[in-house]
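Here is a short briefing to read alongside the model. Take a look at the sequence and the fold, then walk through the points below.

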Amino acid sequence: MYHIKLVNQGVNHTAGGGETLAQACADAGFPLDLVCGGRGTCGKCAVVVESGGTRETVLACRTIVDRDMAVYLEEKQLSRAAAIITEGRTAHKLALSPAVSKRCFTRSELLPEHCGAYLETGSPALLRSFSRLMADHSVGEITFVSYRGEVIAVEAGDTTSVLYGGAIDIGTTSVVLYAYDLNSGKLLRTESTLNGQIVRGADVISRILHTQQAEDGLDELTGHIRDTVNGLLAAAESDIPGYRAHLYHLVLCGNSTMQHLFLGLDPSGLAADPFVNVTAGLVRCAGAEVGMDMADGGRVDFLPLLGGFVGADTASVLLTLPVDERRCLMVDLGTNGEIAAGGGGSYKVASTACGPALEGGNIACGMRGMDGAIEKISIDGDALSFRVIGGGEAKGLCGSAIIDAVAELRSAGVIDESGRLLPADEFRAAHPGSTLDQYLGEAGEYNPAFFFTRGEQSVYLAQHDVRQIQLAKSSIYSGCVALLEESGLALEDLDALYLAGAFGNYIDVDHALEIGLLPPIPRERIVSIGNGAGQGVQLCLLDSAQLDRCQALPASIEHLELATSPRFMEEYIMNMNF
């Protein structure tokens, strides 16, 4: 046994030995943000440790606990206060008709005919509950809870006034709960947090690999996401007394990997060609089957997948789009980019692996959108200005600022067409009157960088970071072009481009167009719809007709695998430059 002292947190932890330092920190209650999934490539888990009088900086994900040590964790490595977008902004007419309902009966109303039975059928658990209530003659009324016409629970007394539901958007990075009163259709609370699975990587591939490489990897990641959801349910109850006791319906959406991991399904089929899912249809089950802390008999619906890595979150977004014959392109920007092209309820869809760079991952000074992150950058002439979330000292760059930085530096001539970031001497020679050279320097050997701040914790954009953005932006742009061609649509045919997701909500669209992240569509036709997945899953909770429409949606969807598309590969190479 080894003693791990977390100095800055004032915590002493005993580790068995053999595990990584990152795992020991997580066991002690301080999980680190392993963007690369513990492969030692992102450097985000670098910590100072002291052992035997020697102090050094190590990667926690690659350091095996084999001795006593003192560990100095910085607050920024533990912060989980990310800005998470929860709202959507597309208009959709809603009819309040939830799948669950309550009805109260008196004992006399329930009395069957001679030699009859109270109930036609029911689960053993339901029948046991009912029999106990009927045996208790102090109970004068019984409330029946039904899900789509099937009795799923009984409650003592008249409880028809309390009936709750929850719509949940499970993202790779964040999870959002919308807690509803299903009698009135009123949104009572919105709760959000980071997905607990981030301790095993920022992207879905890292998490899939973890399920393959660790003996209990699948159980661990399933536990993380279920704990995350149950934590949101508990947070909602702090403001809604009795929320979980009367919570009878949860509707969830998420990408294909999130669906597998939430349900406890082995996602190995998604790890290699032909990229298949265990099941693509809507999954309907009892809450107890998936470990949900909700009312006994409560039901869970996980919306259908659309093929490969295009999941239920995309299906949820498509529910919110106009159902007319408008021709549109939908792009959901995030760790994984989903694209849809079509109209009139019929679409072709694809997924493109743009990686975590657009959300600050795999970027030297990248971070999530939380306090200390630079979120907006502009260069006017030689004047550099930026805005920091929370207004304090800059600690890093979030995704929106990274796009700003690349666009502004490209416009100023600091980055050339090929994506090369000019060293200071070369920039001075090309721009003799500019003073922007004062911000140029080196972030390691052969890695020119533009410094927004200098000091103990410098914030900069380096050449290696620009290359990551080039890969991501070409992936999105090329996916759009290939999908449109497959759909028989040209850019000029489009009536609208809908940007969904947190990243799509916060970025400067003009900058995204300038660097070629988005195809050249007239600015007035580009609409940011916020968390479209969150809005669509709420529709399904509140209106069972929308739930049915979502269940039928895959029949009008055609999935395109970009990895096997010659046009995509051709465009991917051609669109790497700015």
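**Asn230 and the overall picture**

Asn230 is buried, with a relative accessible area of 16%; buried means under 20% relative accessible area, exposed over 50%, and partly exposed in between (1.4 Å probe, protein chains only). This is a predicted model, in which local features need pLDDT of at least 70 and side-chain atom pairs count only at pLDDT 80 or more, while totals for chains, interfaces and linings use all residues. Residues are numbered from 1 along each chain as its sequence is written, and side-chain values use heavy atoms, with hydrogens and water left out.

**Around Asn230**

- Asn230 belongs to helix H6 (residues 217-237); helices (H or I, at least four residues) and strands (E, at least two) are DSSP runs, numbered from the N terminus.
- Leaving aside neighbours within four places in sequence, Asn230 is in contact (heavy atoms within 4.5 Å) with Gly291, Met292 and Asp293.

**The protein as a whole**

- There are 16 helices and 26 strands in the protein.
- A compact globule of 578 residues would have a radius of gyration near 25 Å, and the protein agrees with its 26 Å; the radius is taken over C-alpha atoms, and the globule rule is 2.2 Å times the number of residues to the power 0.38.
- The C-alpha trace spans about 100 × 65 × 45 Å along its principal axes.
- Of the 578 residues, 55% are buried.
- Among contacts with a separation of 6 or more, 66% come from residues 24 or more positions apart.

**The six-stranded sheet**

- Six strands make an open sheet of mixed pairing, in the order S11-S10-S9-S12-S14-S13; two strands pair if DSSP finds at least two bridges between them.
- Strand S11 (186-194) and strand S13 (283-286) stand at the edges, each with a single partner strand, so one side of each has no neighbour in the sheet.
- On average, neighbouring strands of this sheet are turned by 15° against each other, direction ignored.
- Helix H8 packs on the sheet, where H8 touches S12 and strand S14 (299-302), and its direction makes about 100° with that of S12; axes are lines fitted to C-alpha atoms, for helices over the stretch in contact, and angles run from 0 to 180 degrees between N-to-C directions.
- Eight bridges link S10 and S11 in the antiparallel sense, and Val175 stands opposite Thr193 in S11.

- All five of the five residues of strand S24 (residues 496-500) are buried, so the strand is largely enclosed by the rest of the structure.
- Ala496, Tyr498 and Ala500 cover one side of S24, with Leu497 and Leu499 on the other, and all of these are buried.
- Strand S15 (residues 328-332) pairs with S24 in the parallel sense over five bridges, with Met330 opposite Tyr498.
- S24 also runs parallel to S25, joined by four bridges, and Leu499 stands opposite Ser528 there.

**Helix H14**

- In helix H14 (residues 532-542), 11 of its 11 residues are buried, including Gln535, Gln538 and Cys540.
- The elements that pack against the buried residues of H14 include strand S9 (164-170), helix H8 (312-319), strand S25 (526-530) and helix H15 (544-552).

**The loop at Thr564**

- Thr564 sits in the loop between strand S26 (557-559) and helix H16 (566-574) and counts as exposed at 55% relative accessibility.
- A polar atom of the Thr564 side chain lies 3.0 Å from the backbone oxygen of Glu561.
- Thr564 and Asp548 are 16 residues apart along the chain, and their C-alpha atoms are separated by 32 Å.

Terms used. Polar contact = N/O pair within 3.5 Å; in protein donor to acceptor, adjacent residues only side chain to side chain.
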